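We'll go through it one piece at a time.

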Amino acid sequence: MSPKKIQSFSDIITTSRIIICCGSGGVGKTTTAAALAVQAAHTGRRVVLITIDPARRLADALGLDGLSNDPSRVDLACSGELWAMMLDARSTFDDVIRRESRDLEQQQAILENPFYSNIASRLSGSQEYMAAEKLYELSNDERFDLVVVDTPPSREALDFLDAPQKLMNFLDHRVYRWLVMPARGGLRLLNFAAQPILKTIGRVIGADVLADAVNFFQAFEGIEEGFRQRSVAVQELLKSSSSTYIVVACAHNDTIQEAIYFTEQLAEANINITGVILNRLQPPFGKGSSAASLTAARKADKTGDSAVAVLYRNLAHLRSLSEAQENALKPLLERSSGAVVVRLYQRAEDVHDLEAIAELGRDLVATTTTR
Ligand SMILES: Nc1ncnc2c1ncn2[C@@H]1O[C@H](COP(=O)(O)OP(=O)(O)OP(=O)(O)O)[C@@H](O)[C@H]1O
Ligand SMILES: [Mg+2]
């Protein structure tokens with residue numbers, strides 16, 4: 001049986017297992033991710049909201065003292081549950097090592113290795129891989145039916161899609177394979193350090209650092225198969241129909257270009273975006289065009305009704321702003337033709353507490369989705 005076609009944001013929050021919100025800086029990713037999560041919890045789902053963005057804004061808005069790598073329950077009166085957490089890549093990496101190690105000895109050898117400390121927090125892609133890993137863990141956690149992901153404000157926000165593949169490439173790398181090949185009689189380190197090129201590297205980066213690196217790779221031996229299997233599973237999950245991608249954009253040219261960039265990045269990975277949230281828009285002020293309002297203003301001028309003419313001119317101005325925004329958004333809408341689109345208007349105040357987030361969540365599902 002083919003899955004039910006998604007026709008609204010209400011469908012998205014009731015049927016998805018994972019919702020990933022992406023978009024450029026400041027468009028409202030954190031706010032709309034929280035609004036979707038709150039609304040889903042109101043439909044009875046057990047939702048965990050994960051932010052990869054270290055900004056405190058989400059914790060503050062949810063009324064939490066802070067967020068950690070373990071989900072905290074949000075105090076929300078609803079038929080479901082809302083939990084929230086913030087990715088800590090290092091703790092997640094440590095947990096993976098604990099899980100994959102064959103025994104306590106191997107676990108300690110890795111966790112206490114200085115080279116590991118360095119790569120765990122700095123290895124390019126480790127943050128992204130751990131985001132993907134955490135997402136996988138949460139999606140398999142029986143406490144939750146839905147995971148909502150708030151991505152960081154960067155062009156690289158979707159790097160976690162490639163991170164499992166990159167890790168696999170790293171594990172398949174010739175040098176790595178050579179390093180972890182069983183060392184006969186413990187000679188590997190000696191042989192290794194005796195290589196002229198590595199002697200030179202050792203002189204530059206320090207013999208200790210080099211020795212730590214070799215020890216690390218040797219301690220890592222046997223773990224890579226677990227990593228490899230997990231990488232495949234994580235990648236499959238991110239590309240499966242369980243993962244729903246939402247692009248958030250405002251009606252500014254640069255954020256629209258960024259939203260198009262995200263849409264294209266996803267398309268390259270064979271992923272269609274399911275929803276587009278157009279946020280902070282100017283309201284359209286009823287049906288009718290700015291041109292029609294101007295005509296009405298001129299008519300009022302002729303009949304000497306100057307107060308009415310002023311009102312029509314104001315209306316024409318406001319409508320022309322909304323029309324300009326709709327024109328600017330067209331290229332994005334054309335590129336996301338299969339997605340449901342929702343428009344959220346600029347509110348008078350920032351969305352900084354649970355009540356305002358919940359209101360925005362109601363708007364997300366109540367507003368008719370249109371192209
Ligand atoms: N519809 C709206 N009306 C008014 N204010 C809004 C609206 N949506 C978001 N905001 C406000 O805009 C600001 C930026 O929103 P948010 O933090 O959600 O954006 P973001 O995309 O997550 O930003 P960043 O890229 O920095 O992580 C916040 O102060 C938020 O309260
Ligand atoms: Mg944010």
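Which residues in α4 meet which residues in α5? On the α4 side they are Asp94, Ile97 and Arg98, and on the α5 side Gln107, Ile110 and Leu111. Sorted by class, this contact has 3 nonpolar, 1 polar and 2 charged residues. Keep in mind that you're looking at a predicted model.

Now step back to the two helices as whole pieces. α4 covers residues 89-100 and α5 covers residues 104-111, and their axes lie 8 Å apart at an angle of about 150°. Angles over 145 degrees count as roughly antiparallel, so α4 is roughly antiparallel to α5. As for handedness, α4 and α5 make a right-handed crossing.

Next, move along to helix α16, residues 306-335. One of its partners is helix α15 (residues 290-302); the two pack with axes 8 Å apart and an angle of about 170°. That is why α15 and α16 come out as roughly antiparallel to each other. This time the crossing is left-handed. If you want to find the contact on screen, look in α15 for Ser290, Ser293, Leu294, Ala296, Ala297, Ala300 and Asp301. Facing them from α16 are Val308, Ala309, Tyr312, Arg313, Leu315, Ala316, Arg319, Ser320 and Glu323. By class, you get 9 nonpolar, 3 polar and 4 charged residues in this contact of α15 with α16.

α16 has another partner too: helix α14, made of residues 253-268. The axes of α14 and α16 come within 9 Å and cross at roughly 5°, so these two helices are roughly parallel to each other. Here Asn253, Ile256, Ala259, Ile260 and Thr263 in α14 meet Ala328, Leu329, Pro331, Leu332 and Arg335 in α16. The residues in this contact split into 7 nonpolar, 2 polar and 1 charged.

Time for the ligand. How many residues surround ligand 1? There are 20, and the closest are Lys29, Thr30, Thr31, Pro153 and Arg347. Two elements give two or more residues to this shell, namely α2 (29-42) and β7 (275-281). α2 gives the most, with 3 residues. Divided by class, the shell around ligand 1 has 5 nonpolar, 9 polar and 6 charged residues.

Finally, how far can you trust the picture? The protein chain has a mean pLDDT of 84, and 84% of its residues reach 70 or more. Over residues 183-187, though, the pLDDT is below 50, and beyond near neighbours in sequence this stretch has 3 contacts in the model.

Notes
Residues are numbered from 1 along each chain as its sequence is written. Chains are lettered from A and ligands numbered from 1 in the order in which they are written. This is a predicted model: local features need pLDDT of at least 70, side-chain atom pairs count only at pLDDT 80 or more; totals for chains, interfaces and linings use all residues. Axes are lines fitted to C-alpha atoms, for helices over the stretch in contact, and angles run from 0 to 180 degrees between N-to-C directions. Helices (H or I, at least four residues) and strands (E, at least two) are DSSP runs, numbered from the N terminus. Angles under 35 degrees count as roughly parallel, over 145 as roughly antiparallel, 65 to 115 as roughly perpendicular and the rest as oblique. A crossing is left-handed if the near helix is turned anticlockwise from the far one by less than a right angle, and right-handed if clockwise. Two residues are in contact if their C-beta atoms, placed from the backbone, lie within 7 Å. Ala, Val, Leu, Ile, Met, Phe, Trp, Tyr, Cys and Pro count as nonpolar, Asp, Glu, Lys and Arg as charged, and the others, Gly among them, as polar. pLDDT is the predictor's confidence in each residue, from 0 to 100. A residue is near a molecule or strand if its C-beta atom, placed from the backbone, lies within 6 Å of it.
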